Amino acid sequence: MELNLMSTTAAELIARSHRLGADPKNTNYAGGNTSAKGTETDPVTGEPVELLWVKGSGGDLGTLTESGLAVLRLDRMRALADVYPGIAREDEMVAAFDYCLHGKGGAAPSIDTAMHGLIDAAHVDHLHPDSGIAIATAADGEALTRKIFGDRVVWVPWRRPGFQLGLDIASIKTRNPQAVGCILGGHGITAWGETSDEAERNSLWIIDTAAAHIAEHSRAEPFGPALDGYGGLPEGERRARAAALAPTIRGIASADRPMVGHFTDADVVLDFLASAEHPRLAALGTSCPDHFLRTKVKPLVLDLPATATVEESIARLHELAVTYREEYQAYYDRHATADSPAIRGKDPLVVLVPGVGMFSFGKDKQTARVAGEFYVNAINVMRGAEGLSTYAPIEEAEKFRIEYWALEEAKLQRMPKPRPLATRVALVTGAASGIGRATARRLAAEGSCVVIADLSLEKAQAAAAEIGSTDVAVGVQVDVSDADAVRAAVEATVLAFGGLDLVVNNAGLSLSRPLLQTTEQDWDLQHDVMAKGSFLVSQASAKVMIEQGMGGDIVYISSKNSLFAGPNNVAYGAAKADQAHQVRLLAAELGEHGIKVNGVNPDGVVQGSGIFASGWGANRAAVYGVEEKDLGKFYAQRTILKREVLPENIANAVFVLCTADLSHTTGLHIPVDAGVAAAFLR
Ligand SMILES: NC(=O)c1ccc[n+]([C@@H]2O[C@H](COP(=O)([O-])OP(=O)(O)OC[C@H]3O[C@@H](n4cnc5c(N)ncnc54)[C@H](O)[C@@H]3O)[C@@H](O)[C@H]2O)c1
Ligand SMILES: [Zn+2]
C-alpha cells in the first residue's frame, strides 16, 4: 500500500497545472481546471482501480497542491450518466459526485468535474485564456473557429457549465476523433491528450494559435479612434486625481456593504478608456462565467473626459451611481425567479475613470485586486473579439443564471464569517516600532488592511512585511509634522486600499527634561510630532472619511501624562494634554459624519518601546534608582494591578474602540496603565 505517496499521475498533473497557471495568457486567476485519469491499486481489494484526479473547487492552477485535487472513481463517476435526470436537474449531479469519491476524495469536486470525467481522454485541460475567449465571444465565433483551426478544434455553443456541457463535449470528442480540443462559446477552451504533455501541448497550441491569428488579422484600433480629452493624464496628475476621487468612488461601491478597493492605471485600462468604443463595449459587460460574481455584469463608467475637474467628476459619479443601482435592480427583477437567491447589493464592483484608471472592489484586498485583474482580462477579450469581428458576450439572462446560481450561492453561504475589522482600512502612524507596531498587527489580525507610516520607509516596509503581503499591510514614509508628507501618506493609503476608515495617531517621542533644561527645540519637536502631527493626520484623514460617507474611527495614543503631572516632563506632558483635548474637540466636531474619536492612555510600556530604548528608559531608571532592565517590573509595582503593561495591551484597547461593540462611544479615553490612581479619569 502506498497510501501516503502521491501517485505519479497526480504529481504530473500538478506540475502541468503549475506550468499552465504560471502564465496569465493561459488562464485568469483561479480560472480553469485540469485533470488526469490513471490506474492505482485499490488499497481495499488489492485490485487495480481507475481514478480521476481533477482540480477541485476554488484555488488557482499556478499554486495547486495535492490537497486541491478531488479524487474520484472513474467507473462510478461515468456511471452517473445512466442516472442523470436531464438538464433541468443537472445541478443535483454535483452532490452525486460525493458518491464517487476515492478514499476521502480530497478537495470538493467542482462543477466542471463531469466534463473532465466524461471526456474519453486521459488528460484534460479546461482554461480561460484571453485569446481563446476572444474567439469564444466573437459574433461569428463558430466560423472563426473553423477558419483558424480547421477540424482540429470544434465549436461548442454556449451552455452554462454542468453535467450537460460535459456530456456535450464528450460526444463531440467521440464524433471528432481528429480534434484536440474545443472552443466553448462565450466561455473558454477545453483541450485533451493521451499523455499529460500532449494535453499541455494542445492547450498551448490553441491559445497561441488564437493569439497569433488575432495579432495578424486584427483591424487597427479595435476599440475605435482616440477620443479627444480621454487620454491618460500625466502620471503625477493621474495619481493625484485617482486619490482625489477614490473616497467618493469607495463610498459609492460601499453603499450596500463596505468594500476594500484596488486601483490600477495600467496602460491597457487607460488605452481602452481613451478609445471611442469604450462606452458601448463596457455596457456589454464581461462574458466568462468566472467574472460575474467578481466584477458584476458591467462596470460603472464615468462619462466625462479626463479634462473635467475633480468637482465635476465627483458630482457626475454620484448621479451615475444612482442610475447604476436602478439598472442593477431592474436587471435582477427582469431575471429573478421565485427560487433565486436574494439580491446581493446594487453597487458597482468596477469603476472606470477615463484618463485616470480603474477602481475595483471586494470584501478584502485580494478579492478587489482580482476583480480588477478580471476586468483587464475582459478588456483583452473585447480587444481580440472586436479586432476580428464583433464582441458578443452571452445573453444577459444567462449572466444572471450564473451570478445567481444556487450552487454559487451555496458556496457564498459556506464562507467563514468575516473578522470583526474586515473591509476596514487602517493608517497607524509611528507603526514601525513599539505600541504602533503591536497595534498594526492586531488590527490586521482582526481583518483590516493596514498602512504602517513611519519616518523610515525601510523600517515601515519591514514591519508591514512581518504582517503579510501587500494585500494586507503596506509601509509608507511619513514625517507627521510635515503637512505635505501627511497628505502624501493619506493618498498612498487611499491608492493602496481604496479609502481610509481607521486612524491611529501613535507617532511620538519623549525627551524628559525639567523646565529649566527644556530647550525651545525640545518643546517644538514634541509639539510638532505629537500635537501638530496628530492634528495634520486627523485633518487629512477626516477629509477622506467625510467624502466616503462611511463613518470612521480616529484613535489617539495619548498618555497617562496627559492628566498626571509627571516629574520633569513639561514639553512631553503638555503635548500629550494637547492630544487628549483634540480627542474631545474632534469627537464633538466629527460626530455628525459618524466618525468616532477616542484615545488610549498608556503608561510604563517598556518592552519594545523605542522611546524607552533610546535614553528615556535609562533616564527614568536613574530618576527612580533602579536598573534599566528592571524598569518594566518597577513600573508594574507602582500600579494597582501590579502588572507590567505591554504594547499588546494598548493594541487591545485600540481594537476594542474600533469594534461594533463600542459603536456608541466617542470622546472617551481608556487608561491602559495597570491602574494608576493619580491618572483616573473623572
Ligand atoms: N511607551 C510608553 O510607556 C508610552 C506611554 C504613554 C504614551 N506612549 C505613546 O505611545 C506612542 C508610541 O510610543 P512607543 O513607546 O511605542 O515608542 P516607539 O519609539 O517605539 O515608537 C514611536 C514611533 O514613532 C515614530 N515617529 C517619531 N517621530 C515621528 C514622526 N515625526 N513622524 C512619523 N513617525 C514618527 C518613531 O520612528 C517610532 O517608530 C507615542 O505617542 C508615545 O508618546 C507611550
Ligand atoms: Zn470555465
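Modeller: Helices (H or I, at least four residues) and strands (E, at least two) are DSSP runs, numbered from the N terminus. In this predicted model, local features need pLDDT of at least 70 and side-chain atom pairs pLDDT 80 or more, while totals for chains, interfaces and linings use all residues. Residues count from 1 along each chain as written, chains are lettered from A and ligands numbered from 1 in written order, and side-chain values use heavy atoms without hydrogens or water.

Colleague: How many helices and strands does the protein have?

Modeller: There are 24 helices and 19 strands. The C-alpha trace spans about 95 × 70 × 45 Å along its principal axes.

Colleague: In what order do the eight strands of the open sheet run?

Modeller: Strands of a sheet pair through backbone hydrogen bonds, parallel or antiparallel; a pair here needs at least two DSSP bridges. The order is β4-β3-β2-β1-β5-β8-β7-β6, with mixed pairing. β4 (101-106) and β6 (153-156) are the edges and have a single partner each, so one side of each lacks a neighbour in the sheet. From one strand to the next the twist averages 20 degrees.

Colleague: How many bridges join β1 to β5?

Modeller: Four bridges link β1 (residues 33-41) with β5 (residues 123-127), and the two run antiparallel. Asn33 sits opposite His126 of β5.

How values were computed
Axes are lines fitted to C-alpha atoms, for helices over the stretch in contact, and angles run from 0 to 180 degrees between N-to-C directions.
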